[in-house]
Each structure stands twice: as C-alpha cells, then as structure tokens.
Amino acid sequence: MGTRRWSAQYLATLVLPAPDPTTTTLAVLLIGPAGAGKTSVAKYWADHRRVPTAHISLDDVREWVRSGFADPQTGWNEHSEAQYRLARRTCGFSARNFLANGISCILDDAVFPDRPVVGLGGWKRHVGPGLLPVVLLPGLDIVLERNAERSGNRRLTDEEVARIHGRMAGWYGSGLPIIDNSQLDIPETAHLLDEVLSRSIASPPNW
C-alpha cells in the first residue's frame with residue numbers, strides 16, 4: 001500500500017477526546033485567600049479521585065516547626081520568609097516524589113500575584129513546569145464568614161482578611177483559571193475543579 005497522506009484540512013476535523021482529570025496523574029496548586037476553602041476542597045478532591053492522590057498543605061508543613069515558629073501574623077520578616085521558603089521546598093520535594101511514583105498531588109497555598117517571594121515562580125521551580133495552578137476566590141463576605149469559624153493562629157482579623165482578599169483580586173486578568181465558589185458547596189467546587197483542570201490539561205495556562 002502507498003503512504004497515506006493526511007491533508008491539514010482533514011486533520012483539523014479530527015476531534016480528540018477531552019482529557020479526564022479524574023484518572024490522570026496531576027500536580028495541582030490551589031490558590032486563594034484565607035477562608036476561600038482551599039484546604040477543605042483540596043482534601044475532598046484528593047479523597048474522591050479514582051487514582052492515588054495526596055494532599056499537601058503549605059500551612060501544615062510550615063507549622064511542623066514548633067519551637068521557634070515564625071508566625072507571619074506577627075509580622076513578615078526574614079525568619080518567617082526563610083521558613084516559608086523551606087516549607088515550599090519541602091512541599092515541592094514531596095510532590096515530585098509522589099508524582100515519580102504515580103501518585104497525584106494537590107497543594108494549597110495563599111499565593112499572591114503581587115509578591116514575588118510568595119509567588120508562583122518558586123512553586124514551578126520546586127514542583128515542575130507541569131504544575132496546574134487554579135485560583136479559588138469567593139466573595140469577601142463569604143471569606144469573612146468562613147474565617148470567623150476558624151480558631152487558633154489560622155483565624156485572622158477582619159482587616160487582614162479584607163486586605164488579603166483585595167490583593168488576590170489581582171489574579172483576574174492573569175490568565176489563570178479562577179473559581180468563584182461563593183454559592184458552591186465543597187463537592188460542587190471539587191466537581192468544577194475537575195472541569196477546569198480538564199481545560200488546563202488540554203490547554204495549559206501561560207504562567
């Protein structure tokens with residue numbers, strides 16, 4: 001048989017099946033302000049996948065330091081920045097190990113669009129270029145309500161919550177996918193996250 005040559009017009013008509021994020025090994029970074037529901041959604045998403053999946057919370061890893069913990073709430077300084085960088089490297093190392101063994105992972109962190117230290121570059125460097133960032137950004141009233149239900153050092157003042165939420169609005173126009181989960185419960189948000197990830201796998205965001 002002769003060699004079959006496909007025309008560009010014919011190839012353009014071929015429709016490839018949409019990637020299924022529920023069965024693909026992924027590294028996801030869930031971004032959002034305190035009270036956005038990052039950790040709750042990440043845990044639910046990881047719990048309900050059909051393939052092995054780990055959840056890695058930057059805040060949890062930071063708080064592995066007990067004596068000498070530099071709490072950013074008391075002021076961002078060289079010590080809190082150093083511990084943040086160390087925690088991010090630790091999360092990235094863990095994520096790469098999970099991925100190398102066929103285990104997906106979802107990480108959550110309050111990444112700021114206007115703050116290079118607490119930014120996306122470090123996550124890409126430590127996890128890899130295949131990392132898929134998604135922003136979770138409900139309305140301020142919802143974030144304030146959820147923050148009020150927190151306790152300990154995870155609970156922030158209303159002023160701090162409003163300030164962080166305002167800075168997170170900088171993600172609009174960034175090209176990253178954004179989910180407004182103001183009117184969504186955790187399962188609904190996790191389902192929407194799968195839809196967003198399917199699009200990101202097919203056409204990765206430029207970041």
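## Second largest pocket

Which residues lie nearest the centre of the second largest pocket, and how many line it? The model is a predicted one. In it, 20 residues line this pocket, and those nearest its centre are Gly 37, Lys 38, Thr 39, Ser 40 and Arg 150. The space in the second largest pocket comes to about 390 Å³.

Two elements each give two or more residues to this lining: helix H2, spanning 38-47, and helix H8, spanning 186-202. Of the elements, H2 contributes the most, with 5 residues. By residue class, the lining of the second largest pocket splits into 9 charged, 7 polar and 4 nonpolar.

## Largest pocket

The largest pocket has a volume of about 590 Å³. Its lining consists of 26 residues, and Arg 62, Pro 72, Ala 110, Leu 156 and Ile 164 are the closest to the pocket centre.

Helix H3 (58-62) and helix H7 (158-168) are the elements that supply two or more residues to the lining of the largest pocket. The largest share comes from H7, which provides 4 residues.

How many nonpolar, polar and charged residues does the lining of the largest pocket hold? The count is 12 charged, 11 nonpolar and 3 polar.

Conventions
Residues are numbered from 1 along each chain as its sequence is written. This is a predicted model: local features need pLDDT of at least 70, side-chain atom pairs count only at pLDDT 80 or more; totals for chains, interfaces and linings use all residues. Side-chain values use heavy atoms; hydrogens and water are left out. On a 1 Å grid over the protein atoms alone, a cavity is a set of points where a 1.4 Å probe fits but cannot get out, and a pocket is an open set with protein on both sides within 12 Å along at least five of seven lines; lining residues have an atom within 4 Å of a point. Grid points are joined across faces, edges and corners, and a volume is the space filled by probe spheres set on the points. Ala, Val, Leu, Ile, Met, Phe, Trp, Tyr, Cys and Pro count as nonpolar, Asp, Glu, Lys and Arg as charged, and the others, Gly among them, as polar.
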